[in-house]
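Let's take a friendly walk through a protein together. Have a look at the sequence and the picture, and then we will go through a few places step by step.

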Amino acid sequence: MKTVIFPGSFDPFTRGHEALVEQALQLFDKVVIAIGENVNKRSLLSLAARKRLIEDLYANNERVECITYSTLTGDAARAAGATAIVRGVRNAIDFEYERTLAQTNGRLFPEISTVMLFTPAELNDVSSSTVRELLSFNRDVDWLMPEGVDLKDYL
């Protein structure tokens, strides 16, 4: 079974993330969504709430698992039995950043490939940062969230 890890902070998990999981499921047997724990970063959602949101969203999909980690992504990938790391790319800036990460991970974890997936064009403007900023101005973010997810249930 080919397993891929999809790492990120997912604060919160958006329609863009969901689209990347769907793409990854076309390429791999299993997708492990790995929420990185960064204690130095102020989060909108607690780590437990982010994990619960993703688990609720994929509760009926046995091919998707959600974990948390506080190690290097490559170490988390190894622990999950992943042969690859999937990264999302929205634009050229994302690409350059992701390419640097891929090269570093390739040196540290040569047995784990990095696969870059392009976010669908209609979701290029969707980001967790946008969700957080809009919320700070009491704006509706439902259009940025996966269908059926009410962010208020996780705050």
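A polar contact is a pair of N or O atoms within 3.5 Å, where, inside a protein, one atom must be able to donate a hydrogen and the other to accept it. Keep that in mind as you explore this model, which is predicted.

Start at E98, which you will find in helix α4, residues 92-108. The side chain of E98 meets the side chain of R87 in a polar contact of 2.5 Å. Is E98 buried or exposed? Buried means under 20% relative accessible area, and E98 has a relative accessibility of 6%, so it counts as buried. Which residues does E98 touch, leaving aside those up to four places away in sequence? They are R87, G88, V89 and M116.

Now turn to the aromatic rings. The structure holds 3 aromatic pairs. One of them joins F6 and F10 in an edge-to-face arrangement, with 5.1 Å from centre to centre and 75° between the planes. F10 also pairs with F13, and here the arrangement is tilted, with a centre-to-centre distance of 5.6 Å and planes 45° apart. Taken together, ring pairs link F6, F10, F13 and Y58 into a cluster. Several of these residues can be checked for burial too. F6 counts as buried because its relative accessibility is 4%, and F10 is buried with a relative accessible area of 2%. F13 is buried as well.

Next, follow helix α2, residues 47-57, where A49, R50, L53 and I54 are buried. Why do these buried residues line one face of the helix? Looking down the axis of α2, you would see them fall within an arc of 130°, so they line one face. What do they pack against? The buried residues of α2 pack against strands β2 (30-36) and β3 (64-69).

Helix α3, residues 73-80, can be read in a similar way. Its buried residues are T73, G74, A76 and A77. Around the axis they cover an arc of only 160°, which puts them on the same side of α3. The elements covering the buried residues of α3 include β1 (3-8), β3 and β4 (84-89).

One last stop comes just after α3. There, G81 takes a positive phi of about 75°.

How values were computed
Residues are numbered from 1 along each chain as its sequence is written. This is a predicted model: local features need pLDDT of at least 70, side-chain atom pairs count only at pLDDT 80 or more; totals for chains, interfaces and linings use all residues. Side-chain values use heavy atoms; hydrogens and water are left out. Helices (H or I, at least four residues) and strands (E, at least two) are DSSP runs, numbered from the N terminus. Buried means under 20% relative accessible area, exposed over 50%, partly exposed in between (1.4 Å probe, protein chains only). Contact means heavy atoms within 4.5 Å. Rings of Phe, Tyr and Trp (its six-membered ring) pair if their centres lie within 6.5 Å; planes under 30 degrees apart count as stacked, over 60 as edge-to-face and the rest as tilted. The arc is that of the directions from the helix axis to the C-beta atoms.
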